[in-house]
Amino acid sequence: MTRLHVLYFASLRDAAGVDSESVDGTATDLRALYEILQRRHGFTLPVSQLRVAVDGAFARWDDAPRDGSEVAFIPPVSGG
Amino acid sequence: MQRFRLSDVPFDTATLRAELLDARVGAYASFEGWIRDHNDGRHVHGLHYEAYAALAGAEGSRIVDEALSRFDIIDAHCVHRIGDLVVGELAVWVGAVAAHRGPAFDACRFIIDEVKSRVPIWKHERYADGTHDWLHPAV
């Protein structure tokens with residue numbers, strides 16, 4: 001069991017209704033974690049359109065969640 | 001200053017340019033992105049930029065560092081607005097200085113293109129008809 005702090009931005013935050021939440025889970029990697037949260041919140045963006053970051057740095061979808069870390073799902077960006 | 005930064009208030013480009021100029025500089029190229037009144041056929045009233053500040057700062061700085069190693073430039077800076085903006089406001093500025101114009105132009109183009117594709121900043125547009133939307137371009 002890992003406890004994670006998950007951050008949501010832009011349309012993901014709107015869909016989740018919160019900008020962050022604590023998540024206790026048994027997901028074996030970050031992809032599985034997103035898929036669990038996607039079902040919970042009804043996110044329409046597929047994993048293939050997102051990037052993932054851990055503790056402020058880009059991470060890989062097959063990285064295992066680290067207890068106590070901050071995970072952010074990054075929707076397609078639109079700065080500039 | 002940091003080579004890439006987010007600003008939640010309007011900023012002055014003359015000051016930013018002055019920070020880049022010195023006796024070695026023969027060329028200064030800049031890019032300014034402004035809020036326009038339309039997008040995809042819809043009338044835009046204004047917008048909100050949201051950023052994941054910690055990662056945006058790190059990724060933006062990485063982009064400017066890449067430009068410094070890739071092009072024969074002396075220095076480059078980029079500032080991106082966050083928060084609420086109205087039509088006619090400056091959203092993003094890039095400045096690059098070099099001995100000659102070629103690398104200054106190239107670095108400027110590289111930085112704005114990479115910032116638009118990699119830095120975690122999102123645009124939330126408000127339309128004249130009262131609706132609004134996050135822009136999430138298909139990857």
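Which residue's side chain meets that of Asp55(A) in a salt bridge? Select Arg66(A): the two side chains come to 3.1 Å, N to O. A salt bridge here is a side-chain nitrogen of Lys or Arg within 4 Å of a carboxyl oxygen of Asp or Glu.

Before moving on, some ground rules. This is a predicted model, in which local features need pLDDT of at least 70 and side-chain atom pairs count only at pLDDT 80 or more, while totals for chains, interfaces and linings use all residues. Residues are numbered from 1 along each chain as its sequence is written, chains are lettered from A and ligands numbered from 1 in the order in which they are written, and side-chain values use heavy atoms, with hydrogens and water left out.

**Stop 1**

Now pick Asp24(A) and Arg3(A), another salt bridge, with the closest N and O atoms 2.7 Å apart. Asp24(A) sits in strand S2 (residues 20–25) of chain A and Arg3(A) in strand S1 (residues 2–7) of chain A, so this pair ties together parts 21 residues apart in sequence. Strands (E, at least two residues) and helices (H or I, at least four) are DSSP runs, numbered from the N terminus. Asp24(A) is partly exposed at 39%, and Arg3(A) is partly exposed too, at 47%.

**Stop 2: where the chains meet**

Show both chains. The contact (heavy atoms within 4.5 Å) takes 22 residues from chain A and 22 residues from chain B. Together the chains bury about 1900 Å², 59% of it on carbon and sulfur atoms. Buried area is the accessible area (1.4 Å probe) that two parts lose on being put together, summed over both.

Next, select Tyr52(B), Trp122(B) and His136(B): in chain B these lose the most area to chain A, together 31% of what that side buries. How many salt bridges are counted between chain B and chain A? The count is one, and you can find it by selecting Arg13(A) and Glu50(B), 2.6 Å from N to O.

**Stop 3: Arg81(B)**

Hop to strand S5 (residues 75–81) of chain B, where you'll find Arg81(B). Is Arg81(B) buried or exposed? Arg81(B) is buried, with a relative accessible area of 3%. Look for the backbone oxygen of Ser7(B), 3.4 Å from a polar atom of the Arg81(B) side chain. Beyond its neighbours within four places in sequence, Arg81(B) is in contact with several residues, including Phe11(B), Tyr49(B) and Glu89(B).

**Stop 4: the cores**

A nonpolar core is a set of buried Ala, Val, Leu, Ile, Met, Phe, Trp, Tyr and Cys residues joined through side-chain atoms within 4.5 Å. The largest one has 30 residues, and Tyr49(B), Ile73(B) and Val119(B) are among those with the most contacts inside it. Seven residues, the largest share of this core, come from H3(B).

**Last stop: a salt bridge in chain B**

Finish with Asp84(B) and Arg126(B), whose closest N and O atoms are 3.9 Å apart in a salt bridge. Asp84(B) is in strand S6 (residues 83–86) of chain B and Arg126(B) in strand S8 of chain B, so this pair ties together parts 42 residues apart in sequence. Asp84(B) is exposed at 52%, whereas Arg126(B) is partly exposed at 31%.

Technical notes. Buried < 20%, exposed > 50% of the residue type's maximum accessible area, 1.4 Å probe, protein only. Polar contact = N/O pair within 3.5 Å; in protein donor to acceptor, adjacent residues only side chain to side chain.
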